[in-house]
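Hi everyone, thanks for coming.

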Amino acid sequence: MGNSANTRGDAGLDAVATWFRGRHHLRGLFASLLRQALDDVLDGPHTGRFDVRELEQVERDYLGTRFRILLRSWFDLPRGRGRSVRVDGHDVDTGFSLGGSWTVRSRRVHLLASADDHNGTFDVGLIAPPRTATGRARSPVLVTDAGITWLARTAQLPDNPLLRLPPEVRRAITEPDSGQQRVNALFRLVQGQVVERATVITVAVQADGLKRCREARDQLAPEGVVVLGHGGDCPRVAEDLGLPVPRKGTFLALRLVPVAPFTPGRRTTRIDGRHYAVARPGEPEAPAPAVKC
């Protein structure tokens, strides 16, 4: 069944597809929405979980509900009849899957989403289930790829960095007893890449995990580790060193060593009148400069 099968389904499918495609940054909106849905159900600040494989079945089922709630909020959509949302005058049912297949149970247009956190991808598409000769929808209908009008296909899901870490590094971060020790380990072991707020509070297993970031700056400074944020001199330091610039609510850890100005082959940054570069393996520790963030 190809996309031509849509002509046998709900006549509103084209209108719904046009409405969504008219939203600016559609893929980015869906990407952020799905990241939030996963993070909300994982509930890292209270559970420390970051892997959907740790969810219980009732939580996996709730992902579909959470997706629908966020869809209404992010796209400012009203409720439709039953559990649907109203899009351009059409009731649209929603479906969410962690495995890339869905079961649909009504004659309405369906907005289907799936997310694969381990591969960092997601899909979103629309389908109108084919009717029987009597005009009734087949119920239930198992849907895979065929017949879907895609709004996003194998698109990039915002990263879940804890899933990408080698197991031994992940254990070193998650096994300490205190939230502060875990956050310190995160910034000690994950350097040179932006760390999201959700990752910090999941590691801390505390809603006030951002406070732990401020304390980590002081506690890691003797090791030469700085934790950059989005304010003050932090963006300049990151740019000088050729590293990603943290956005609001994100952090970037790195170990610095003092170097001579204009050191060949190394990017440097000036802090409090001295020049620093990202430490290379084996270079001795030196106290970190105070970066105004």
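Let me start with a question for you: is C293 buried, partly exposed or exposed? Keep in mind that this is a predicted model. The answer is partly exposed, with a relative accessible area of 40%.

Now to its partner. C293 forms a disulfide with C234, and the two sulfur atoms are 1.6 Å apart. Helix α10, residues 234-240, holds C234, while C293 sits in the segment after β12 (274-278), so the bond ties together parts that are 59 residues apart in sequence. C234 itself is buried, at 0% relative accessibility.

A search of the whole structure turns up one disulfide. What about C213, then? C213 is in no disulfide, and the nearest cysteine sulfur, that of C293, is 11 Å away. C213 is also buried, with a relative accessible area of 1%.

On to the inside. The largest nonpolar core has 38 residues, and those touching the most other members are F20, F30, L71, F75, L111, F122 and V124. The largest share, nine residues, comes from α2.

If you zoom in on F75, its contacts beyond four places in sequence are W19, F20, R23, L26, L29, F30 and L33. There is also a second, separate core of 21 residues, with L163, L165, V200 and F251 among them.

That's my tour, and I'm happy to go back to any view.

Definitions and conventions:
Residues numbered from 1 in each chain as written. Predicted model: local features only at pLDDT ≥ 70, side-chain atom pairs only at ≥ 80, totals over all residues. Heavy atoms only, no water. Disulfide = S-S within 2.5 Å. Helix = DSSP H or I, 4+ residues; strand = E, 2+ residues; numbered from the N terminus. Buried < 20%, exposed > 50% of the residue type's maximum accessible area, 1.4 Å probe, protein only. Core = buried A, V, L, I, M, F, W, Y, C linked by side-chain atoms within 4.5 Å. Contact = heavy atoms within 4.5 Å.
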